[in-house]
Amino acid sequence: MSVASIRRLAAGAAVIAAASGGAVYLSPSVASSDKGGGPILDSLRRRIGDPTASVPSRSAQESALISATASDPLDVLVIGGGATGSGVALDAATRGLRVGLVEREDFSSGTSSRSTKLIHGGVRYLEKAVFNLDYGQLKLVFHALEERKQLIENAPHLCHALPCMTPCFDWFEVIYFWMGLKMYDLVAGPRLLHLSRYYSAKESIELFPTLARKGKDKNLRGTVVYYDGQMNDSRLNVGLACTAALAGAAVLNHAEVVSLITDDATKRIIGARVRNNLTGQEFNTYAKVVVNAAGPFCDSIRKMIDEDTKPMICPSSGVHIVLPDYYSPEGMGLIVPKTKDGRVVFMLPWLGRTVAGTTDSNTSITSLPEPHEDEIQFILDAISDYLNIKVRRTDVLSAWSGIRPLAMDPTAKSTESISRDHVVFEENPGLVTITGGKWTTYRSMAEDAVDAAIKSGKLSPTNECVTQKLQLLGSYGWEPSSFTILAQQYVRMKKTYGGKVVPGAMDTAAAKHLSHAYGSMADRVATIAQEEGLGKRLAHGHPFLEAEVAYCARHEYCESAVDFIARRCRIAFLDTDAAARALQRVVEILASEHKWDKSRQKQELQKAKEFLETFKSSKNAQFNDGKHN
């Protein structure tokens, strides 16, 4: 860190203040008290916020897709049920359009469940904007900060503000990071979560007891703490899909597009041939516009039209590991913007454990990416430089890899156009592709894609985009104190091994978990636990209940054991070995709900075990441990 860097930062701050002062302080922000929007939005809120609301059955959703014929097509068919695809379905449905969505695996089964779990404005983008005097990067930060605030307000049970600590080992770093993060506050303006501030070394150790007092032969001089958002990514994604279903979209997971349908005369894309991967049956569904939101797999959809089409995805692998809760204190993350080899490393509390990462390396596109041992070791090495405890490979409870779909604009002349921003374009008439971007900005990405679809298909929406002010399923009536009602009003009826049903307390851990995972729908899960004898925990040391499996099968399109352990509850990501122990019971409950025979149950167990083998916990990894034993 140099004096020149600090001078440049100060100069950049002045430029930002001058260039964006009006935008920072005068731009309208949608505060939680401003819930206007007119009769259309009020009607949607009543439908989504109805405590008795239930999504249409899977068979009803499939029938709705089959009934979309060439003479009576959907307005929009979305391919891909990740954050972007589900966001597109919700946006289009709430504009009064007739919408279908198909997803090959499950909602959030790809990149959207394997994120960093941060809802962030982009501190690094701000640094680039300052040092390169790049107004384009600055606009990205403005935009992401606006979406960050809105996302937290629209799903408050699944998202929250998280303080993140940046350690400083010399006074130049203190000044540099303090100035930089104050600039982040300035840019956020009315979208600010909380003000950043400096803590002395002594205060920092009190807040983060495992933080090292020395680093790179230098003493800790203090830390700068700033705020970003954190989420439960796959539950947020499932919430998006279910909210879209309540808004009228026909959403179907485990439904794979095997080919696109082209009009022979106009060569326009007019639909898709879809295979129900649960039954093997195929059907055609027609639409005025098809939106390709398949994430890392969007090129494979594009190649269905032209095998020689130029790829636009530059896949990057991001590996994360999960460690026990004692690695980080509850409610405080640690972020190092630049390690000795120039990478970012972080350690964040998440759902009672610690998630650490990440890597950023080229990879191939696969449906089940696996972390390499050297990537896990890199993360362990990187965090050990900043901790005063022994960092052990045997502490890794789970490790996973996600593929970031970095986008190249196919119309650009050079490969230097690889972007962390999103790209929307219509390469073939009737097929709008959206890819790139990040979780934080999924809503505005969806808005851009629907705008493009309306233009492409000359569609007639009943209203403008309303998703900025639309809360998701489970948000209505939810308060941070809602868990106390569950604890006071419900008991967990548990079946013993002898078949007897005995009552157990709805303890604080279980009540908090249900409240945050399901929001205002948590009382439905608690009712199942109480009235159907499904109040037992699925795995020792985790708050997940048997009742959740039944609820998700009935109300969240949970169709497989992996759907539950990975996306409806996060046990596969939090503790791979605990997930393996819970599997048998998960399959038994799903078998009861979906009327599976013994053969299907055996198949589900096998698939789930194979899935868990891609999560490299210390027990299922093959490693010769040296430093981190």
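Is Lys458 buried or exposed? Select Lys458 and find out: this residue is exposed, with a relative accessible area of 73%. On this tour, buried means under 20% relative accessible area, exposed over 50%, and partly exposed in between, with a 1.4 Å probe and protein chains only.

Before moving on, note that this is a predicted model, in which local features need pLDDT of at least 70 and side-chain atom pairs count only at pLDDT 80 or more, while totals for chains, interfaces and linings use all residues. Residues are numbered from 1 along each chain as its sequence is written, and side-chain values use heavy atoms, with hydrogens and water left out.

**Stop 1**

You will find Lys458 in the loop between H12 and helix H13 (482-489). Helices (H or I, at least four residues) and strands (E, at least two) are DSSP runs, numbered from the N terminus.

Now select His254, another non-glycine residue with a positive phi, here about 55 degrees. His254 sits in the loop between strand S9 (250-252) and strand S10 (255-262). With a relative accessible area of 8%, His254 is buried.

Next, go to the peptide bond from Gly357 to Thr358, which is cis, with omega near 0 degrees. Thr358 belongs to the loop between strand S16 (353-357) and strand S17 (361-362).

**Stop 2**

Select residues 74-79, which form strand S1. Six of the six residues are buried, so S1 is largely enclosed by the rest of the structure. Strands pair here if DSSP finds at least two bridges between them. With strand S12 (residues 282-292), S1 pairs in the parallel sense over five bridges; look for Val76 and its bridge partner in S12, Val289. S1 also pairs in the parallel sense with strand S2 (residues 99-102), over four bridges. Here Val78 stands opposite Leu101.

As you turn the view, keep one rule in mind: in a regular strand the side chains alternate between the two faces of the sheet.

**Stop 1: across helix H4**

How many of the residues of H4 are buried? The count is 11 of the 11, so H4 is largely enclosed by the rest of the structure. Among them are Ala83, Gly85, Val88, Leu90 and Asp91. The buried residues of H4 pack against S1, S2, helix H9 (233-246), S12, strand S20 (431-436) and helix H12 (442-457); contact means heavy atoms within 4.5 Å.

**Stop 2: a hairpin**

From H4, follow the packing to S20. Strand S19 (residues 422-428) and S20 pair in the antiparallel sense over six bridges, and Phe425 stands opposite Thr433 in S20. The two strands form a hairpin with two residues between them, and Gly430 in the turn has a positive phi of about 90 degrees.

**Stop 3: helices H5 and H7**

Show helix H5 (residues 123-131) with helix H7 (residues 171-188): their axes come within 10 Å and cross at roughly 100 degrees. That makes H5 roughly perpendicular to H7. Axes are lines fitted to C-alpha atoms, for helices over the stretch in contact, and angles run from 0 to 180 degrees between N-to-C directions. Angles under 35 degrees count as roughly parallel, over 145 as roughly antiparallel, 65 to 115 as roughly perpendicular and the rest as oblique.

To see the contact, display Val123, Leu126, Glu127, Val130 and Phe131 of H5 and Tyr176, Gly180, Leu181, Met183, Tyr184 and Val187 of H7.

**Stop 4: two single residues**

Select Arg213, in the loop between helix H8 (201-207) and strand S6 (214-215). Arg213 is partly exposed, with a relative accessible area of 49%. Among the residues that Arg213 touches, not counting those up to four places away in sequence, are Phe169, Ile205 and Asn388.

Finish at Ala579, in helix H19 (residues 576-594). At 0% relative accessibility, Ala579 counts as buried. Not counting residues up to four places away in sequence, Ala579 touches Ile571, Ala572 and Leu612.
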